[in-house]
Amino acid sequence: MLRVLGETPPGTFCICCHSAEGRVLKIKDASVIGGKPETLHRDCAERWFGAIEQSRTSTRSRYPGLSQDNWWRRHRSNAEK
Ligand SMILES: [Zn+2]
C-alpha cells in the first residue's frame, strides 16, 4: 500500500526514472514497517515499490539475517547499475 506524504521541492529527482519533470512526490510503502519515504512520480512509485516487494521477498529468503538497512543499501546499489 503506497502512501503519498507530500510534494517535493522543484528540481527533486525521481529515484525510479531519474527525471525531475512533472510532480515528484514523497511516497512510502505503508505496508513496510520502518520503511522510509522515497521521491517518486506517482506512476513510478507502483513500479518502484512493486520491484522492491519482489526483490525483498527473494532477498529475505536467501539472506534471512539481513537487516533492513543493509537490505536497502543492497537494493539501492543494484538499482543504480
Ligand atoms: Zn519517475
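Predicted model: local features only at pLDDT ≥ 70, side-chain atom pairs only at ≥ 80, totals over all residues.
How many of the 6 residues of strand β1 are buried? The number is 0, so β1 (residues 2-7) lies largely in the open.

First, the overall layout. The chain contains 2 helices and 3 strands. Reading from the N terminus, their order is β-β-β-α-α. Of the 81 residues, 16% are buried. Take the contacts in the chain with a separation of 6 or more: 38% of them join residues 24 or more positions apart.

The average pLDDT is 82, and 70% of the residues score at least 70. Among the elements, β3 has the highest mean pLDDT, 96. Helix α2 (residues 68-80) has the lowest, 65.

Now the sheet. Its 3 strands form an open sheet, ordered β1-β2-β3, with antiparallel pairing. β1 and β3 (38-40) are the edge strands, each pairing on one side only. From one strand to the next, the twist averages 40°. Strands of a sheet pair through backbone hydrogen bonds, in either a parallel or an antiparallel arrangement.

Look at the pairing of β1 with β2. These two strands run antiparallel and share 5 bridges. R3 stands opposite K28 in β2. E7 stands opposite L25 in β2.

The loop between β1 and β2 holds H18. Its backbone deserves a look. H18 is not a glycine, yet its phi is positive, at about 60°. Most residues other than glycine have a negative phi. Is H18 buried or exposed? H18 has 9 other C-beta atoms within 10 Å, so it counts as exposed. The cut-off for that class is 12 or fewer.

Which residues make up the largest nonpolar core? There are 10 of them: C14, C16, V24, L25, I27, L40, C44, A45, W48 and F49. Both β2 (25-29) and α1 (42-62) supply at least two residues of this core. Helix α1 gives the largest share, 4 residues. In soluble globular proteins, nonpolar side chains tend to be buried together.

L25 ties the sheet to this core. L25 is a core member, and in the strand pairing L25 sits across from E7.

Start with C16. Leaving out residues up to four places away in sequence, C16 touches L40, C44, R47 and W48.

Then take A45, which is found in helix α1. Why does A45 count as buried? A45 has 22 C-beta neighbours inside 10 Å, so it counts as buried; the cut-off is 20 or more. With residues up to four places away in sequence set aside, A45 touches L2, I27 and L40. V24 and A45 lie 21 residues apart along the chain, and their C-alpha atoms are separated by 10.0 Å.

No residue of β1 is buried, but β1 is paired with β2 over 5 bridges, and β2 is among the elements that supply at least two residues of the core.

Methods:
Residues numbered from 1 in each chain as written. Core = buried A, V, L, I, M, F, W, Y, C linked by C-beta atoms within 7 Å. Contact = placed C-beta atoms within 7 Å. Pairing = 2+ DSSP bridges. Axes fitted to C-alpha atoms, helices over the stretch in contact; angles between N-to-C directions. pLDDT = per-residue confidence, 0-100.
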